[in-house]
Structure formats: structure tokens, C-alpha cells
Amino acid sequence: MNNSHSTTHPDEITTSNKLHEIIKKEVSQNNGSIPLSQYIELCLYHKNYGYYHNQLHKFGKMGDFVTAPGISHLFGYSLGTQIDELFNHMEHKNIVELGAGNGQLMIDILSHIGDDIDTYYVLEISAVLIFEMQQKLQNAHPKYVSKVKWIDKLPIDFDGVIIANELLDANPTDSYIYKDDEIYRIDVGCVENKFVYTNKKYSNDDIKMIIDNLPEITKYNNFIIDINLNSLQLMKNIANSLNSGYVILIDYGYCEREFYSPKHMNGTVRGFIHHTKVDNILEHPPGLMDITASVNFTAIANAGIANGLDLIDYTTQGAFLINCGILNHVEHETENETQVTKLKYNNEINRLTSINDMGEVFKVIAFSKNIDFYDLLGFKAFSLARIL
């Protein structure tokens, strides 16, 4: 395999080489190219060699990225505070967490409101991650082990709260270019054993309707248009699953006007490996790198509404956490601590809430269904719903 990569670990090379051949076969069997979303799907979720299914380390300082729960337990504490408020207005005190990663958010929510939860469902399809989470749960909260249930699909007629942190960005997206009144889908081909981008003329009425209604800038200058049909389908599945309760989704992204703006004319698909951003995901071997795309929250809001959910609100992660009392939590926890410990906590909270860090680019969107309480704590101030 000719793709360059800095690692020389034998397990990584073997894993990636096998996945490379699988993808190359898919390309060959599909007239020389596959949709970008299919390439990303195989890279991330192939049952044996995909990034989220293989044995390679992913989370934390020694992995490829750090999520908010990995920065501070007060992220989960704050989200737990919001969920606990919702439980006061619900008969069934259940949670479904979608794509729980290494389980840290689950651990922190259980630490805060574990006694109030009836059942905590974790929807995860990676056996590697499930094993890691089960070990972590047993070590941290053996008394709550019986409350946690592992599932591989959304439950039917669920009553409770559905949450997801950094899940939408991991849904494989497709990208398109509009040229001379024609739509071209960006595919992945293979030339001399290297994966390359290729444009394929594409005719689909649903996609054309979406693109026709996008901001005018997307029609010019080879603007790369990311459209994530997988996320729209997920919203439909969530709406169909939920009988009564709430949905809270946290991720990085923008409203549609900003999503399709000049600063994103090259699209939002990128990779992360060893905490370094990779702009061209085809330049690195498959299966060894996280691949992500920013979220179009306007599309998420519209999909939720179209499938029967009530949009509650939309705001930044920083505003949500502050509304949920994260500053009060840290002040209480550090009251009798040393200055060094207080500084550590303050640095963590700053990363989560600052407009120069995760606080601004990460957003929180909430929906409800068949329930009448809408005045959620996390959205008391700084609503952005008007810009969706």
C-alpha cells in the first residue's frame, strides 16, 4: 500500500492493509468509484477493521481526539442536572445514550443522578467499545451495573431522554458540487493503489431539491456541498422510537447559513489522527483515523420537526453548561482545594465554555415529544433558535 503514514506499528499496518483491499474491491465492483459516504462508512464502521471496531486506541491524550467528558466530569454533571430536571416532569426516568464512546459521559451522569435513573440504555455496535465501557462501569459504579442495558438499535415506544454527544459528526456524509446546472457527487476511486477523489454526474430529485434551496454561494466556484442523509435518517429513527420524552444532541456545527458560507467552500469533511487535523482524508491509510464532518443544525432541526418532534431550543455548548450551573458546580467542588487544583478546574471549564474553544463551535439542540414542559434549564439564556 502506497499511502503514507507516520506509524510503523505492525497491528496498524495489518489492519489498514486489509481494509484497504476491502475498499479497493468495493470500488472495482462499482464501476471504479464509490460514494464518499460509503468510503467513510467502511473506514469507520467495518465490522473487523473499521476505526471504531478495531483495537487501536482512540480517546484521550494517547489517542486521536478528546471529547468533552474526557476534559472534565463536570460536563456530564451539568448534562445530568438538565436530565434530572426533565425527570421531574416524566413518569419514566430512562435514558438512551447513542454512541457512548468510551463510556465516560455515562459514568459521570450515573455519578450525579444514578439513584434517580430507572434504566440507562447504551446503544453501541462496537464490541471493543462495549467491553471497555463495561469494565469502566464495573470499576466506577458496581451498584449501577444492573441499571445499564446494552442495545444495538433504538427501542420501540421509548419513554425517557435520548442523548448523544459527538455522534452526528460521525455519521458518514456525502459531498456534491454544482457545475453548469449539473450536480456531481464526489466519489472515491482508486488509481495505482491509491484512493483518489473523482466527480460523478448525479441525478437524484431529492438531492437536487435540497441543493436548489441552499444559499446561492453553493452554486458557484466549485463549492463543496456536504449533505448528510444519514443524520436525517437518524432523526427520523429517533422520532419513531420516542413515545414521550426528550432528545438532547450535542455536537460541533453551524446553522445552515453559516454551514454553507465562504469559509466552508471546501466542505467540512476532515480527519483527526494523534490530535492533528487532516484535510484530505484519502492521504492517510483507512481505519487508522477518525473521520468527521460538521453538523448542519438547521437540517437536523427541520428533520426533527418533519418527523413529529417539537423543537425546544438551540444554543452553544458554553451557554448550555453555564445555564446548567457548571460554574457553581466547580466553585463548590474546589471550595477547599489548593490553588493548583482550582486552576486545573478553571482551565477545564474554560475549554468547555470559552468562545475561543469548545464553547462556541459546539452546539446543543433539544426536542420533545408528547410532553408539555418546554422551559429547560439549559436554554434559560442565549437562545439561538431564531437563526436556524
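Here, buried means under 20% relative accessible area, exposed over 50%, and partly exposed in between (1.4 Å probe, protein chains only). With that in hand, welcome to a predicted model, in which local features need pLDDT of at least 70, side-chain atom pairs count only at pLDDT 80 or more, and totals for chains, interfaces and linings use all residues. Residues are numbered from 1 along each chain as its sequence is written, and side-chain values use heavy atoms, with hydrogens and water left out.

**Overall fold**

- The protein chain holds 14 helices and 16 strands; these are DSSP runs numbered from the N terminus (helices H or I, at least four residues; strands E, at least two).
- Its radius of gyration is 21 Å, in agreement with the value near 21 Å for a compact globule of 388 residues; the radius is taken over C-alpha atoms, and the globule rule is 2.2 Å times the number of residues to the power 0.38.
- Along the principal axes, the C-alpha trace spans about 60 × 50 × 45 Å.
- Of the contacts (heavy atoms within 4.5 Å) with a separation of 6 or more, 77% join residues 24 or more positions apart.

**Burial and surface**

- Buried residues account for 55% of the 388 in the protein chain.
- The accessible surface comes to about 17700 Å², with 47% belonging to carbon and sulfur atoms (Shrake-Rupley method, 1.4 Å probe; for residues, only the protein chains shown count as cover).
- Helix 5 is mostly covered, with seven of its 10 residues buried: Leu105, Met106, Ile107, Asp108, Ile109, Leu110 and Ile113.

**Largest pocket**

- On a 1 Å grid over the protein atoms alone, a pocket is an open set of points with protein on both sides within 12 Å along at least five of seven lines, while a cavity is a set where a 1.4 Å probe fits but cannot get out; lining residues have an atom within 4 Å of a point.
- The largest pocket contains about 1100 Å³ of space, a volume being the space filled by probe spheres set on grid points joined across faces, edges and corners.
- Its lining has 45 residues, with Tyr52, Glu166, Leu167, Asp169 and Ala170 nearest the centre.
- Helix 8 gives the most to this lining, four residues, and helix 5 (104-113) is among the elements supplying at least two.
- By class, the pocket lining has 22 nonpolar, 13 polar and 10 charged residues (nonpolar: Ala, Val, Leu, Ile, Met, Phe, Trp, Tyr, Cys and Pro; charged: Asp, Glu, Lys and Arg; polar: the others, Gly among them).

**Enclosed space**

- The count comes to one cavity of 30 Å³ or more, and the largest cavity holds about 30 Å³.
- Residues lining the largest cavity include Ile40, Asp169, Ala170 and Val269.
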